Amino acid sequence: LLKVCTMYAAPAIQKLLDEFERLPGIGPKSAQRIVYWILNTERSDALRLSDAIVEVKDTVHFCTQCFNYAQDDLCEICASPKRDHSLICVVSEPRDIPPIERTGTFHGIYHVLGGALSPLEGIGPESLHITELLSRLNSPEIQEVILATNPNVEGETTASYLSRLIKPTGVKVTRLASGLPVGGDLEFADEITLGRAIESRREL
């Protein structure tokens, strides 16, 4: 029904609908709501949105040290003297950093790999920022590397590979603990999650 309705939209409206539908998580209905909001809002509001999109594309790039998003050479985390620069948390993508930051429990710095090892998809070590990570470990300041890749096959493979590379350097290597979520039931847990919960058990 929605497609039938948009068949008679003005070409400019249909073009905007098509562009929004290309965005992840945006279906036809969501795209239509956004476009109708743009049509009904003040021109200044629409221009502010378009300006913000252009600005982020023109000014944001990868941090030269950790490969997080940045507007200067270094991202705000790498440039901060308040962070613990002896502790590096390794993540797959920049989007993995905000959830860790929201916990308020990690005060170190990061290294973004730019993905995870996946031979079936042609993603090998040379496709990731692994060489740059090892170069950072040459600094005597680095005391520990936390491997915070996702707890899936690709993430576990990447963590194991990195662990083998880092351990000979003498830097401490740790892995994020994972297991049962609070409020979860054992009967609904998959084997990998339950296995990690058992391995990460602690004394009470």
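The views below are taken from a predicted model.

**View 1. Residues lining the second largest pocket.** The lining is made up of V60, N68, Y69, A70, Q71, D72, L74, C75, E76, I77 and A79. Two elements each give two or more residues to this lining, namely strand 2 (69–70) and helix 5 (76–79). Helix 5 is the element that gives the most, with three residues.

**View 2. Residue classes in the second largest pocket.** Seven of the lining residues are nonpolar, two are polar and two are charged. Among the residues shown are Y69, L74 and I77, together with D72 and E76.

**View 3. Residues lining the largest pocket.** The space in the largest pocket is about 300 Å³. Its lining consists of L16, E19, F20, R22, L23, I34, I38, A46, L49, S50 and I53. Helix 2 (11–21), helix 3 (28–40) and helix 4 (43–59) are the elements that each give two or more residues to this lining.

**View 4. Helix 4 at the largest pocket.** With four residues, helix 4 gives the most to the lining of the largest pocket. Helix 4 spans 43–59, and the lining includes A46, L49, S50 and I53.

**View 5. Residue classes in the largest pocket.** The lining of the largest pocket has eight nonpolar residues, one polar residue and two charged residues. Residues in this lining include E19, R22 and S50, along with L16, F20 and L23.

Note on methods:
Residues numbered from 1 in each chain as written. Predicted model: local features only at pLDDT ≥ 70, side-chain atom pairs only at ≥ 80, totals over all residues. Heavy atoms only, no water. 1 Å grid on protein atoms, 1.4 Å probe; cavity = no way out; pocket = protein on both sides within 12 Å on 5 of 7 lines; lining within 4 Å. Points joined across faces, edges and corners; volume = space filled by probe spheres on them. Nonpolar A, V, L, I, M, F, W, Y, C, P; charged D, E, K, R; others polar.
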